[in-house]
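Hi everyone, thanks for coming. I'd like to walk you through one structure today, so let me put it on the screen.

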Amino acid sequence: MTREPLPDAGPPTRAADLRLAGEWLARHDLAGARPTPLLAGRLAVRRQARLAAHVILAVLIIASALASVAFLGPQPRRPLQLPALTVVVAGLLLAQLLLDRWVRRVDQRAGATLSRRAAHLIQPGWRAVLGLPYAVFTVATFAGAMALTGSALAVPDPAVRRPAVVLLIGLLGATAIFALQLRHLLRHPVVAEDEESLTADVIMRVEDARVLATPNVQWSLPMVLLFGTAPGWWSAASVAYLILGLVAFIALQTRTPSSATVARQAMSNR
């Protein structure tokens with residue numbers, strides 16, 4: 001963490017990014033390590049990528065809501081809504097893919113500036129990075145959202161069933177985006193040159209995984225599309241799903257070890 005970058009490492013690092021990197025190290029019990037331009041650059045690109053990912057998911061929710069409203073319009077316009085939404089979901093998937101590739105390229109350029117790599121014989125797997133509790137929570141959240149949508153398809157009212165189709169497309173798109181992000185997270189190469197930077201790399205992976213497991217879309221889409229148009233039992237089930245998910249998420253946040261602790265455990269097991 002104390003090595004200076006090579007002259008061709010890229011554009012100069014901003015002082016604000018270095019300050020934020022120092023604060024990040026202190027929050028993860030690495031206050032003794034000096035923030036390097038390499039670490040500051042990696043953290044900065046992750047902040048920008050997370051912001052862009054939030055925008056992508058917001059566009060997905062808005063597009064699904066607009067398509068749902070269009071389903072209630074004149075009959076001749078309805079056949080065009082599903083293909084249009086499918087194109088939007090495909091475009092958002094491509095945008096997410098390019099976003100992940102951008103982060104990976106930044107990591108690769110950062111790794112190319114290192115004179116040596118820290119020994120890390122085993123790439124951290126999903127148990128070390130995501131952890132079993134978060135994995136179970138993520139699977140249960142996606143399964144609950146799908147089951148909720150499937151139950152809406154059983155309602156005979158077309159005003160409920162048509163938006164449910166839109167909801168299904170949105171959820172499937174969100175699932176595909178999640179799979180792409182998790183694959184990138186588990187497979188991108190380690191960028192480290194010593195023990196401290198290796199610990200920082202694993203901490204970043206754990207933090208990225210926990211942000212990825214936050215079920216923003218699974219909680220938001222049912223509320224946007226069907227609340228108020230579905231029967232009372234379905235609205236009650238959707239609210240119960242949201243409350244139970246929120247309680248489980250708070251329990252995860254408060255009872256699971258910190259990302260720094262998880263990273264050190266992974267380091268001790270390598």
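**Helices, a buried serine and a salt-bridge network**

Let's begin with the record: an unreviewed UniProt entry places the feature "transmembrane region" at residues 51-73, 80-99, 134-155, 164-182 and 232-252. Please keep in mind that what you see is a predicted model.

How do two of those spans look in the model? Residues 134-155 are 91% helix and 0% strand, with the end C-alpha atoms 32 Å apart. For residues 232-252 the figures are 100% helix and 0% strand, and there the end C-alpha atoms lie 30 Å apart.

Let's stay with helix H9 for a moment. Which residues of H9 are buried? They are Trp-234, Ser-235, Ser-238, Tyr-241, Gly-245, Phe-249 and Leu-252. Take Ser-238 from that list: its relative accessible area is 0%, and its side chain reaches the backbone oxygen of Ser-235 at 2.7 Å.

Now to the charged residues, which I think you'll enjoy. The structure holds 8 salt bridges. One of them pairs Asp-107 with Arg-46, with the closest N and O atoms 2.9 Å apart. This pair links distant parts of the chain, since Asp-107 sits in helix H3 (residues 81-112) and Arg-46 in helix H2 (residues 37-71), 61 residues apart. Are these two buried or exposed? Asp-107 counts as buried because its relative accessibility is 0%, and Arg-46 counts as buried at 6%.

Arg-46 also meets Asp-208 in a salt bridge, 3.2 Å from N to O. Asp-208 belongs to helix H7 (residues 195-212) and Arg-46 to H2, so this pair ties together parts that are 162 residues apart in sequence. Asp-208 has another partner, Arg-50, and here the closest N and O atoms are 2.3 Å apart. That again links H2 with H7, this time across 158 residues. Arg-50 is partly exposed, at 29% relative accessibility, while Asp-208 is buried at 15%. Put together, salt bridges with shared partners join Arg-42, Arg-46, Arg-50, Asp-107, Asp-201, Arg-205 and Asp-208 into one network.

One last stop: Val-129, in helix H4 (residues 126-129). Val-129 is buried, at 2% relative accessible area. Its C-alpha atom is 4.8 Å from that of Val-206, 77 residues away along the chain. Leaving out residues up to four places away in sequence, Val-129 touches Pro-124, Leu-185, Leu-186, Arg-205, Val-206 and Ala-209.

Methods
Residues numbered from 1 in each chain as written. Predicted model: local features only at pLDDT ≥ 70, side-chain atom pairs only at ≥ 80, totals over all residues. Heavy atoms only, no water. Buried < 20%, exposed > 50% of the residue type's maximum accessible area, 1.4 Å probe, protein only. Polar contact = N/O pair within 3.5 Å; in protein donor to acceptor, adjacent residues only side chain to side chain. UniProt positions renumbered as here; feature names shortened; annotations may be inferred. Helix = DSSP H or I, 4+ residues; strand = E, 2+ residues; numbered from the N terminus. Contact = heavy atoms within 4.5 Å. Salt bridge = Lys/Arg side-chain N within 4 Å of Asp/Glu carboxyl O.
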